[in-house]
Amino acid sequence: MAKGFASCVLLIMYLSLLMLCSTGNGHPQHHHHHQQQDGGDDPLDMARRVGFFTVDDLYVGKAVGIQFYTRDPSSLPPFLSKEVADRIPFSVKELPLLLQLFGMAPGSPEAQLAERTLKTCAEEPIKGEQKTCATSIESFIEFASSMLGGGQYGVDFRAMKTTHLGKPVSVYQNYTFLDIKEVHSPTMVACHIMDYPYIVYMCHSQTSRVYQIKIVGQEVGDALNAIAVCHLDTSQWAPDHVSFKLLGVKPGTVSICHFFGPHNPVWVKT
């Protein structure tokens, strides 16, 4: 019993330190293909900032409006280990307990974001999609390995991410495509960082193509090697998805692409 009590105390201390290291971010860092986000910013404005475009737009000289939200990596909370993460409830049913555990006031912006993350993670994947919410570094890597067929130590796959070629900026502007390279991989796993007291990634895999695109901002001049994913089958997406409204297309009629921010990795086969 003493050992169990000591472990519980250590867990609470670890979570308290985690909260001190975590910094909230009110900006949307992820999007979901099969649902329209509720609350917060206007969904259509959020879609514009994600940088949606179609596969027909993949040519040098194309310009797409986007805002790359940047965060100091040192401000991000660390991943929990599987041992710790598996001992913490992760469901909407346990929301009152979680709010108390993490010191979030009911109805506060932080509590609403956490609740939205829990609801998103509880949703069933759409047809043709494999999905998980990784709450630990082990589950993060294990899901990528299971989808990509990698070895125990991940030697058969790698994570790619958008990188700034200079000092990062975080403003909405048009970015011009300078160079486009397809990353040839039989499948891929895209991961979106979620709003939560500790790092949680919503990772999913479906029929898509990955591109590395060098882009430069027209107003500020920010240059990046950006990762973009083109989803080949959008027939299962919700008809009112904001990308359809933004691009003026219908589900299943065209492949829809979007950029990934610096904190959202894409796993591919090597």
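Predicted model: local features only at pLDDT ≥ 70, side-chain atom pairs only at ≥ 80, totals over all residues.
Accessible area here comes from the Shrake-Rupley method with a 1.4 Å probe. On that basis the protein chain exposes about 13200 Å², and carbon and sulfur atoms supply 55% of that area.

The chain averages a pLDDT of 82, and 82% of the residues score at least 70. Residues 1–40 are another matter, with pLDDT below 50. That stretch still has 78 contacts in the model beyond near neighbours in sequence.

Now the overall make-up. The protein chain has 7 helices and 12 strands. Of its 270 residues, 48% count as buried. As for contacts between residues at least 6 apart in sequence, 75% of them join residues at least 24 apart.

Next, the sheet. Five strands make an open sheet, in the order E3-E8-E7-E12-E4, and the pairing is antiparallel. Which strands sit at the edges? They are E3, residues 130–134, and E4, residues 157–160, and each of these pairs on one side only. From one strand to the next, the twist averages 20 degrees.

E7 covers residues 188–193. On one side, 4 bridges join E7 to E8, residues 201–205, and the two run antiparallel. Within that pair, histidine 192 stands opposite methionine 202 of E8. E7 is also joined to E12, residues 266–269, by 3 bridges, again antiparallel. There, methionine 188 has valine 268 of E12 as its bridge partner.

Why is E7 described as largely enclosed by the rest of the structure? The cut-off that matters is under 20% relative accessible area, which is what buried means here. By that test 6 of the 6 residues of E7 are buried, so the strand is largely enclosed by the rest of the structure.

The residues of E7 can also be split by direction. Met188, Ala190 and His192 point one way, while Val189, Cys191 and Ile193 point the other way. Both sets are buried. Note that His192, one of the buried residues, is the histidine standing opposite methionine 202.

E4 and E12 pair over 4 bridges in the antiparallel sense. Alanine 159 has tryptophan 267 of E12 as its bridge partner.

Methods: Residues numbered from 1 in each chain as written. Heavy atoms only, no water. Buried < 20%, exposed > 50% of the residue type's maximum accessible area, 1.4 Å probe, protein only. Pairing = 2+ DSSP bridges. Contact = heavy atoms within 4.5 Å. pLDDT = per-residue confidence, 0-100. Axes fitted to C-alpha atoms, helices over the stretch in contact; angles between N-to-C directions.
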